[in-house]
Amino acid sequence: MRVQTYRKWLAALAFAVGLPSLAVAQSGDTIEALLERSDYGSARLQAEARAANGDDEARSWLAHMYRQGLGVPQDLVRAVELDRMSAQSGVPRSQNALGHSLVMGLGVEPDAGAGLVWLLRAAETGDARFEFDYAQALSSDSAGSPDLTEAAVWYRRAADQGLVEAQTNLGILYMTGQGVEQDLDRARALFIAGAEAGDAQAQNNLGLLYVRGDGVTRDYEAAFYWFQLAAAQDLPQALRNLSVLYESGQGAPVDEAQARQLLERARMLESGGLDQLLSSIGFPVDERLRDLDWTAPPDRTELTAAEANDVIAQYIQGHRFMRGGGVRQDLQSARSMFEAAAAQGLGSAEFSLCLLHANGWGVPQNYRTAYVWCSLAAYRGYPDADLLRDNLALQMTGDQVDTARRDVARRLSSD
């Protein structure tokens, strides 16, 4: 293994470190295209330049970046400001986003009434996703008293355009007779459409129809089939339903061990929140380095590269110490190596530090510190960093989140 190999990895990971990307942005690239390929720096520059010239679509994309912390420090207040300007100029994406922010009180004082008005404006453009979002708000307690009759109207519009989630939710209303007259045949048709498209909730609901014999001949084998597909997607209700069939021997041979295992999995998932997310993430290594032999001890070239402040070599050493890969496991040394790589802006190392602090691996568990590292990793576009960051925020006080965000802004301003 030669030092040049590390340099090649460094080039491959350049976008995560914040160096110029090998995939140079083309003049014809749209902001959306740049975001889709995680070129957040180019997307931000283009969005800011166009927004400064009064481009409301660009301003809407910039709001999205601030809301998610992509290429900029996450700033929900700034996102609302930008969305409000674009929404007032008629950009549906910002109308929908502003509606959500007002209903949920994200970056702004909650105002469910105003939020529903903006969500309706977006839905009236005919976009199926916005129609679905408005229907969901109407179905929820978060926007006041649910209006399932009106929600059914908007679910139907989105379902008619083939939006799977809308088909499933409309099917639930038909199955239960809420907001519409009960129609089990219509519910089954909607569930079949969603189930065949791979929607876990539709698969589970279709299984329930067969278990109960609601509008169909009771068929436990068919129920088992659909529950099994939904359970494979970790839907807790489906795991519980499949557990019952294994325990009772209906539609499947009796298997009490399997029934217990499914029930335990469902309980773990239903406990939800941060613990579940951390469990599902584990401690991944950057996808582009998975072909390394972690069991072999590091050679002299690898160690020399790390000592010479090679960011990828430092990241690799961090993983070796973390998992005992060819070296004695040493969590303190792992953290030190990840911090050295993170100091050079490597998103993979920042995400690793987030996981160390969120789980309390080798350090006292500290959600605020984890939030900072996840925010930095999200800024560089590291997968799942924004999701974990937002889940960490739910475990923190408002003051803790504000302090952490100021820390993120300070660190980025010194980059």
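Leaving out neighbours within four places in sequence, A112 is in contact (heavy atoms within 4.5 Å) with L102, V103, S142 and A143. Before going on, a word on the model: it is predicted, so local features need pLDDT of at least 70 and side-chain atom pairs count only at pLDDT 80 or more, while totals for chains, interfaces and linings use all residues. Residues are numbered from 1 along each chain as its sequence is written, and side-chain values use heavy atoms, with hydrogens and water left out.

Back to A112, which is found in helix α8 (residues 112-123). Helices here are DSSP runs of H or I, at least four residues, numbered from the N terminus. Because its relative accessibility is 24%, A112 counts as partly exposed; the scale calls a residue buried under 20% relative accessible area, exposed over 50% and partly exposed in between, using a 1.4 Å probe and protein chains only. A112 also sits 7.0 Å from G144, C-alpha to C-alpha, although 32 residues separate the two in sequence.

Now hop over to R67, found in helix α5 (residues 56-68). R67 has 18% relative accessibility, so R67 counts as buried. If you skip residues up to four places away in sequence, R67 touches Q74, L76, A79, D83, A97 and R389.

Next comes helix α18 (residues 300-307), whose buried residues are E302, A305 and A306. They cover an arc of only 100 degrees around the axis, so they lie on the same side of α18; that arc is taken from the directions from the helix axis to the C-beta atoms. Over on the other side of α18, R300 and E307 are exposed. Just after α18, N309 takes a positive phi of about 75 degrees.

Last stop: a helix pair. The axes of α21 (residues 347-359) and α22 (residues 367-379) come within 8 Å and cross at roughly 160 degrees. Axes are lines fitted to C-alpha atoms, for helices over the stretch in contact, and angles run from 0 to 180 degrees between N-to-C directions. α21 and α22 are therefore roughly antiparallel to each other, a label for angles over 145 degrees. The crossing of α21 past α22 is left-handed, meaning the near helix is turned anticlockwise from the far one by less than a right angle. Residues of α21 including F351, L353 and H357 take part where α21 meets α22, whose residues there include Y367, W373 and L376.

Key: Helix = DSSP H or I, 4+ residues; strand = E, 2+ residues; numbered from the N terminus. Parallel < 35°, antiparallel > 145°, perpendicular 65-115°, else oblique.
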